[in-house]
Amino acid sequence: MTLGSKTGLNRRTFLRIVSTGAAALCLASCGGQATTAPSTGAAADKVPSFEEVLDAAKQEGTVEMWTDRPDIQALYQEAFNKRLSTNIKVTGFNLRAGEAATRLITEARGGKPTGDLLQPSYDIALDIERSKLFPDPYPWVEVFGKEFPAIKDSVEHIKVPIFKGRAPTMRDVLYHGVYRTDMIKPQELPKTFEALGEPQYKGKVAFDNRGTPLEYLVIVPGWNEQRIIDLARNIKANAPRFFPGSQQVRDAVVNGQAVLSAAGDVTEAKQQGQPVDNYYLDPTPVNTLLATVPKTAPHPNAARLFAVWVSLEGPRLLEEKKIEYRESLWQKDLVTTKALYANRPDAKVYYFETPEQVTTSNAVRDKLAGILTGTG
Amino acid sequence: MALIGRRLALTAQAVPGRRSRLSLPRLAGKTPALHLAVASVLALFVGAPLVVLILTSLRPGAALPFEDVGLTPSNYLTVFADPSTYRLLGATLVYAIGSTGLAVAIAGVMAFLVERTNMPLRNGIYSAMLASMALPPLVITFGWVLLLDQRIGLFNVWLRNLLGSRAQEGPLDIYSLWGMVFVTGLAIAPTFFLMLAGLLRRMDGALEEAGRTAGASALGAIRRVTLPLLTPGLGSVVVYGMLILIQAFEVPLALGVTAGFPVLSLRIYILTQPDMTVPRYGLAATFGMLALVIGILLMLGYYRIVRVATRFQVITGKGYRPRRFSLGRATYPALAGALAYLLLAIGLPLLILFWATLMPGDYQPPSLDVLPSLGLSSYARLFAYPKFLEAVVNTVIVVVLTSTTTVLLATLVAWLSVRSRTAFGKVLDVTAFSTAAIPGIVSTLAVMMIFVATPIYGTIWILVVGMLIGGLGFVTRLMSAAVTQISHELEEAARVSGARSLMVFRRVIFPLLLPALVNSWLWVASHHMRNFTVALMLASTRNVVIASLLWELWSRGSRGTQISTAAALAILMVAALLAVATVLRGYTERVEGRLA
């Protein structure tokens with residue numbers, strides 16, 4: 001193609017168009033350099049007082065939280081502001097933890113961060129850390145300890161060393177199962193994960209196609225990759241019905257498509273009179289989520305204040321309102337925590353303690369998905 | 001208009017065989033400038049995502065395309081060394097061919113009945129077909145699960161009772177290959193219907209009548225005249241169908257996992273949407289590249305089919321007038337068949353969805369025991385839901401803007417590629433069409449990276465940009481097929497009669513393209529009403545739309561009352577699109593009436 005008088009386009013215009021396109025492509029492919037996030041006070045010499053943080057939070061006026069439960073933000077906002085006599089707006093929308101991390105990193109690179117509070121699991125937190133966006137250590141107990149004494153437990157509940165002191169616990173993802181009370185008696189339920197491969201459960205179990213929560217068994221002493229893979233093969237031979245995700249697994253039991261599962265929570269459905277209930281399997285692995293205020297948070301003080309409140313008083317609020325949520329096991333007085341130990345007094349609960357466990361668990365998950373349904 | 005028509009016919013006969021290039025938007029001889037302008041827009045909106053796709057496929061692990069971690073072919077090695085990739089491709093092929101075949105058969109018959117016969121209720125059926133596209137495939141599939149699940153499916157329960165069976169499961173199972181093909185075929189048929197309806201509507205009945213005069217039966221005329229003339233259109237449908245089915249993940253996600261029949265799209269989806277881990281963009285992009293290559297191969301096949309496009313120009317200056325077949329005694333059986341399809345494809349899932357809206361809490365199958373607890377509280381909850389009104393307003397703005405812009409751009413691309421018939425035009429066409437092969441998550445990520453530092457980030461305008469890419473591939477195919485059918489004799493004749501470019505466009509080309517324009521607009525609108533990927537990835541507190549609300553309620557929080565609220569929202573979406581489709585259909589009919 002030639003450019004000339006016939007085209008009605010001069011060379012300068014052509015070059016302008018081409019250079020605009022090239023710039024756009026370059027921007028797309030190269031992105032901007034990572035914006036160095038302003039330190040949000042994590043490494044500050046002087047520990048701020050609670051009142052100073054509260055005043056700063058009031059000034060900021062907003063917290064943007066990315067979670068998978070935006071439907072309860074209004075509830076949180078009302079209770080949080082009532083508790084602290086503030087008028088802080090709690091906004092946000094529905095993003096899975098992985099998407100939230102991607103968005104956080106992309107926005108930071110583009111120099112336009114918007115997220116204040118995320119709740120990544122350890123493996124996603126590692127990715128945020130690699131991008132240098134995970135918060136620095138912060139004096140959580142010194143700042144908030146007087147107003148919220150339990151913050152110490154929440155912060156210490158984070159077991160993996162590199163994350164200690166950098167975030168409180170958002171919640172625990174404790175993998176118990178759910179079952180149809182009209183299809184199976186409580187005494188007939190499996191007591192261990194290995195029992196899911198027994199003949200009496202053939203064709204009755206709803207299971208996550210990626211094998212979750214089996215990959216978390218790597219944190220249990222005595223379990224290794226091979227033992228988990230053998231278990232997955234046994235479960236697969238027992239013809240479970242696979243569903244894509246823990247929510248779908250839970251729904252399959254509630255709808256009556258399956259008799260029981262190894263994941264899910266049916267507290268709300270049970271309260272509505274549906275013939276379903278939770279039950280516990282041994283050993284019980286827990287994946288802890290971290291209330292993460294990234295280095296780039298536009299409203300760091302409001303975010304920290306809210307993170308502390310939601311970590312400590314959020315679960316209690318949801319419990320009062322009879323809303324399903326994941327447990328916070330360090331809070332022994334919660335109904336769900338008590339239920340676990342009442343149901344299984346000898347329950348053995350295990351947490352991630354090293355980054356290596358997190359990495360191994362990811363690797364096992366990839367293999368499980370391939371073995372179970374070819375979707376790894 | 002009739003006078004102009006006669007003049008057109010006479011003039012067209014007077015200059016037989018003369019070929020013109022790009023006569024409509026001649027724009028005072030600046031057509032290459034138009035080429036470049038369109039090319040620049042495509043470079044920005046298509047080239048950038050393509051670059052991102054390629055770069056992402058060359059980054060290791062979960063790295064993002066802009067991360068400075070070096071380039072590596074490791075993802076390609078992983079994909080091609082893994083035997084499961086080939087099983088996945090085989091399964092994808094079986095699924096895509098089966099679903100496309102079923103959908104083409106349904107859509108072909110429905111489009112013929114609606115556009116080329118005197119069947120009663122044609123407009124109502126047309127609107128119902130379009131409105132059904134507002135239903136997210138996940139929602140339709142959920143309806144079918146409730147009807148055909150082995151254990152709780154209503155049909156299975158009835159069948160077991162009818163047969164006196166004591167079995168707890170069966171006899172039918174939606175979680176199977178045939179279940180996936182069945183649901184996908186039904187779900188995608190309205191899209192194919194749109195493509196074929198536009199083609200059939202513009203077909204000159206005189207050609208079939210000539211066949212009949214020469215001794216062919218009605219079926220013979222259809223087989224030997226209508227079908228061959230539809231070749232490029234059918235080619236488009238099959239190519240596009242295969243391509244989107246390589247990517248469509250909703251039905252495979254809902255059924256394929258349980259059926260034990262994973263396909264390529266499901267793999268990409270699971271890699272990019274893990275529950276608790278970092279998305280594996282590198283592998284997903286590599287599979288996306290695989291889909292892109294398959295798409296380009298399909299495109300090349302398509303170009304081979306239509307390489308002599310003038311063969312298929314059926315709207316000429318020689319007295320073009322679409323005619324309808326009289327169905328005679330077959331009128332009511334045909335109507336019954338069409339209504340039976342609508343009942344099966346739309347009616348039953350909608351009924352079950354409506355039942356779900358009446359639930360006070362979690363879904364329960366229809367039974368007399370549940371009746372006393374039913375109510376309309378889900379609609380009240382929906383109207384009281386935070387941001388519902390804001391979402392409705394934003395959705396209207398985004399959908400209208402996106403649909404209009406997409407149709408405009410696609411029409412320009414189609415016109416330039418079909419009429420200029422240069423290599424550059426073909427490049428434009430392939431580039432626009434290739435958007436259909438880029439995984440939505442990757443193109444959205446690209447848009448985010450390009451616009452994150454601009455003022456439109458976080459506003460509804462970023463959604464318009466993000467969604468523009470999503471519909472361009474399909475609408476380009478639709479408009480290419482439409483433009484291919486219009487002979488340039490018409491424009492030349494009008495020009496010889498003294499009409500200027502604008503008048504030729506307004507009085508000749510626009511009315512002839514109108515059905516395809518309306519169909520394209522409605523297709524884009526219906527798909528973007530429920531486009532979760534863009535709405536979620538580019539979401540902010542200022543740009544909430546119905547799609548993100550529906551996803552929030554349905555897919556990630558289907559607890560308790562949320563599922564009935566989501567079902568209420570889906571029902572209202574269908575009702576809204578039904579109303580819009582009916583109005584636009586009426587407008588199209590009026591314009592065509594004036595033309596005739």
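**View 1. An aromatic cluster in chain A of a predicted model.** Start with the six side chains A:Y122, A:F134, A:F163, A:Y175, A:Y216 and A:F352, which form one aromatic cluster. Please keep in mind that this is a predicted model. Over all chains, the structure holds 21 aromatic pairs.

**View 2. The aromatic pair A:F207 and A:F242.** A pair of aromatic rings is described by the distance of the centres and the angle of the planes. Here the ring centres of A:F207 and A:F242 are 6.5 Å apart and the planes meet at 90°, so the pair is edge-to-face. A:F207 sits in strand β5 (residues 205-208) of chain A and A:F242 in strand β6 (residues 241-243) of chain A, so the pair ties together parts that are 35 residues apart in sequence. Both A:F207 and A:F242 are buried.

**View 3. Helix α11 of chain A.** Take a look at residues 300-312 of chain A, the 13 residues of helix α11. From first C-alpha to last, helix α11 reaches 18 Å, close to the 18 Å expected at 1.5 Å a residue. Because 13 of the 13 residues of α11(A) are buried, this helix is largely enclosed by the rest of the structure.

**View 4. A nonpolar surface patch on chain B.** Now turn to B:V293, B:I296, B:L297 and B:L300, which make a nonpolar surface patch of about 360 Å². B:V293 belongs to helix α14 (residues 281-305) of chain B. With a relative accessibility of 45%, B:V293 counts as partly exposed.

Methods
Residues are numbered from 1 along each chain as its sequence is written. Chains are lettered from A and ligands numbered from 1 in the order in which they are written. This is a predicted model: local features need pLDDT of at least 70, side-chain atom pairs count only at pLDDT 80 or more; totals for chains, interfaces and linings use all residues. Side-chain values use heavy atoms; hydrogens and water are left out. Patches are made of residues with over 30% relative accessible area and no salt bridge: like charges are joined within 9 Å, nonpolar side chains (Val, Leu, Ile, Met, Phe, Trp, Tyr) within 5 Å. Accessible areas come from the Shrake-Rupley method with a 1.4 Å probe; for residues, only the protein chains shown count as cover. A salt bridge is a side-chain nitrogen of Lys or Arg within 4 Å of a carboxyl oxygen of Asp or Glu. Helices (H or I, at least four residues) and strands (E, at least two) are DSSP runs, numbered from the N terminus. Buried means under 20% relative accessible area, exposed over 50%, partly exposed in between (1.4 Å probe, protein chains only). The expected span of a helix is 1.5 Å times one less than its number of residues. Rings of Phe, Tyr and Trp (its six-membered ring) pair if their centres lie within 6.5 Å; planes under 30 degrees apart count as stacked, over 60 as edge-to-face and the rest as tilted.
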